[in-house]
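This briefing concerns the structure shown below.

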Amino acid sequence: MGVRLNEVSLSYPGTGLVIDRLSAEIEDGEFIAVLGASGCGKSSLLNMIAGLLPPSSGWLEVPEDGAAFMFQDANLLPWLTASENVDLALKLAGKPAPERQQRVEELLNLVQLGHASGKKPHELSGGMRQRVALARALAQDRQVLLMDEPFAALDAITRDMLHEQLRALWRQTGKTIIFVTHNVREAIRLSGRILVLSSHPGRILETRRITGELRNNPAEAAALADELTTILRKEQRKHELTDRISN
Amino acid sequence: MSSLTESRTRFKPVRVIKLRPNNQLDSWVAPLLTVVVLLSLWQIISWASPLREDLFPGPLAVAAKLPQLLADGSLVAAVGNSLFRAVSGFAIAVIISTPLALLLAHQPLLRKGVGPLVSAMQVLPSIAWVPAAIILFGLSDATIYTVLLLGAIPSIINGLLAGIDMIPAQYKSLSKVLGASKWEHVLHIELPAAMPGYVAGLRQGWAFAWRSLMAAELIAVGGSLALGVGSLLQRGRDLADLPLVMLVILTILLVGVLIELLFFAPIERKLLRDRGMTRTGENYG
C-alpha cells in the first residue's frame, strides 16, 4: 500500500495557510520527489505524512505501521556511536538483542559504513552521518521512507555518490520513497515522478513522470531541469513579492 | 636561472607556527602558582603586621597547628564525618530531585506553579533553615540533613530542567518517528540529551550541599551530633584559636575543591568529549 492524500490542508496560527487542499496518490514501491522552493511547505507535508503534524483539514492514508523518516541534518544522537544509533531504532521497534547486533552490522555494511560502526557522529563527515541516518531509517523496516532534503548540506561529490547508493537501495528493497528537495537535478536524477509545489500556500503545480529514457538522455534531462527551474523561480518571485506587499 | 635560485634561497620563513599540544600540566600549574603566590603574600603581610601572631597568624603558624590536630585525631574524624554526611546527603538529594525534575518537565501546569518556588528556594541561603530545623529535630543528624537537602535539591532540579529545556526539538520528532513510548523517550533520548545540564546542576548541587552542611554544623553543635568540620570551626571560635579556625577553613576549601577536581571535572570532560564538544577556553592557552 502506498500513501494517499485527499484535500489535505495545513495552517499554522500566525502564518496562515501553508498547504492548500493537496491531493495526491503515491503508489506502493514508487520513488516520488516533491519539488518546491524553500518555505513552500514541503517539509510540513512530509511531517504530516510521518504523523508529526496533524492536518488542519482533509485526510491522508498511510500504511498502518507508519513511515520511516530521514531528517535534513541526520539528527543522530551525539552520545551514541554509529552502530548504537542504528541499534536504537531496532531496540525501539522491540527487536531482541541477538538479532539486533547482526542486523546493525548488515545495515551499516549496506551503506558502506561497516568500518565506522564504533565512531561517534562528530568523528564522521557530513556524508557519513547521512549514511548512518539512512541505515537507521532502513532499520525501522517500514515500507514507506520519507526523506526531508537529506543531501542538501553535502558537497556535490558526496551527494552524487549517495544518489547512486539510494537508487540502488530503492531497487533492492522496493520501498516507497517520498523525497523532498529544492534541487531540480536531484529530483530528476532520483525519482520516477516529480510533484512541483507552489509557494504559500503549497499546492501541486505540475506533475512530471521521469522515464529511464529521459534520465539517461542528458539533453532531455537538462531541458526539463531548465523548465522546472523557471517554474520554481517564478514561484519564488511571486512569494517574495507577496512578502514585500504584506510587510 | 641562477638569479632565480638565488632569490629562492634568500627566502626565510618569517615565523614558524608550531601546534602546541593541549598540555594537561598547564591547567594544574597555573592555579598552583596562584596559591603559592597568595600564601607567600599572606605570610609576608603577617610578618610585617604589628598585630600579634595569634591575632593575625600567617600560613606557617596555621600549618604548625596541623600536627596537633592530626595527633588527637579530631581533624580526620571531623573530615570523615562531614564527608559521610555530605556524600550520603547529596545522594539522597539526587534520588529525590531527579524524578521531581522529570515530573516538572512533563507537567507544564505543575511546573508553572512549582517552578518559581524551586528557583526561589535556590536564592534562599540554606543557613536560614537551621533555626527551624533545630526547633523541629533538635541537635540531631536530621537537622543537618534537612538543611543540606534544602540547599542541594533546588539546584539539581533546576539543572536537569535546564538540560531538558535545551534538547533540540528534532530529538522529539525522532523519538516519535522511531515509535518510542513516553518512558523509552525519557530513558533513551531525554535523559542522555539533558546530561550536560544535569551534570552542571549536580555540580552546583554538590557545592550547595557542602556549603549548607558547613553552615548547619557550625550552628548545630552538641546533642547527639558527631564532630564535623563545621563544629571544629565553632570550637576554634570558642577557644579564640585563629590558627585553628584558618586551618579548618583551608580544609573545607580543600575538600570542596578536591571533590570538584577528582569527581565532577572528569565526568564533565568525558561527557563533552564524547559529544565532540569542549568547554569554552579549555583548548586555548
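A:Asn75 is buried, because 20 other C-beta atoms lie within 10 Å of its own; a residue counts as buried with 20 or more other C-beta atoms within 10 Å, as exposed with 12 or fewer and as partly exposed in between, with C-beta atoms placed from the backbone. The model is predicted: local features need pLDDT of at least 70 and side-chain atom pairs count only at pLDDT 80 or more, while totals for chains, interfaces and linings use all residues. Residues are numbered from 1 along each chain as its sequence is written, and chains are lettered from A and ligands numbered from 1 in the order in which they are written.

**Positive phi angles in chain A**

- A:Asn75 belongs to the loop between β5 (67-70) and α2 (82-92) of chain A; helices (H or I, at least four residues) and strands (E, at least two) are DSSP runs, numbered from the N terminus.
- Although A:Asn75 is not a glycine, its phi is positive, about 55 degrees.
- Most residues other than glycine have a negative phi.
- A:Arg21 is a residue other than glycine that also has a positive phi, near 35 degrees.
- A:Arg21 is part of strand β2 (residues 16-26) of chain A and is partly exposed, since 15 other C-beta atoms lie within 10 Å.
- A:Gly51, which follows α1(A), has a positive phi near 85 degrees.
- In helix α1 (residues 42-50) of chain A, the buried residues are A:Lys42, A:Leu45, A:Leu46, A:Met48, A:Ile49 and A:Ala50.

**Strands β5 and β6 of chain A**

- β5(A) is covered on both faces: A:Ala67 and A:Phe69 are buried on one side, and A:Ala68 and A:Met70 on the other.
- Strand β6 (residues 144-148) of chain A pairs with β5(A) in the parallel sense over four bridges; two strands pair if DSSP finds at least two bridges between them.
- A:Phe69 has A:Leu146 as its bridge partner in β6(A).

- Strand β3 (residues 31-35) of chain A is largely enclosed by the rest of the structure, because five of its five residues are buried.
- From β3(A), A:Phe31, A:Ala33 and A:Leu35 point one way, whereas A:Ile32 and A:Val34 point the other way.
- β3(A) pairs in the parallel sense with strand β7 (residues 176-181) of chain A over five bridges, and the partner of A:Ala33 in β7(A) is A:Phe179.
- β3(A) also runs parallel to strand β8 (residues 193-197) of chain A, to which four bridges join it.
- Four of the five residues of β8(A) are buried, so β8(A) is largely enclosed by the rest of the structure.
- Strand β9 (residues 204-209) of chain A pairs with β8(A) in the antiparallel sense over five bridges, with A:Arg208 of β9(A) opposite A:Ile194.
- The hairpin of β8(A) and β9(A) has six residues between the strands, and A:His200 in the turn has a positive phi of about 45 degrees.

**The largest nonpolar core**

- A nonpolar core is a set of buried Ala, Val, Leu, Ile, Met, Phe, Trp, Tyr and Cys residues joined through C-beta atoms within 7 Å.
- The largest such core has 125 residues, and those with the most contacts inside it are A:Leu35, A:Ile49, A:Ala135, A:Leu146, A:Ile178 and B:Ala209.
- Helix α10 (residues 182-219) of chain B gives the largest share of this core, 14 residues.
- Beyond its neighbours within four places in sequence, A:Leu35 has contacts that include A:Thr181, A:Val184, A:Ile194 and A:Leu228; two residues are in contact if their C-beta atoms, placed from the backbone, lie within 7 Å.

**B:Pro243**

- B:Pro243 lies in helix α12 (residues 242-274) of chain B and is buried, because 21 other C-beta atoms lie within 10 Å.
- Leaving aside neighbours within four places in sequence, B:Pro243 is in contact with B:Pro57, B:Ala61, B:Val62 and B:Lys65.
- B:Pro243 is 183 residues from B:Leu60 in sequence, and their C-alpha atoms are 9.4 Å apart in space.

**Contact between chains A and B**

- 15 residues of chain B are in contact with 15 residues of chain A.
- On the side of chain B that touches chain A, the elements giving two or more residues are α9 (169-177) and α10 of chain B, and α9(B) gives the largest share, five residues.
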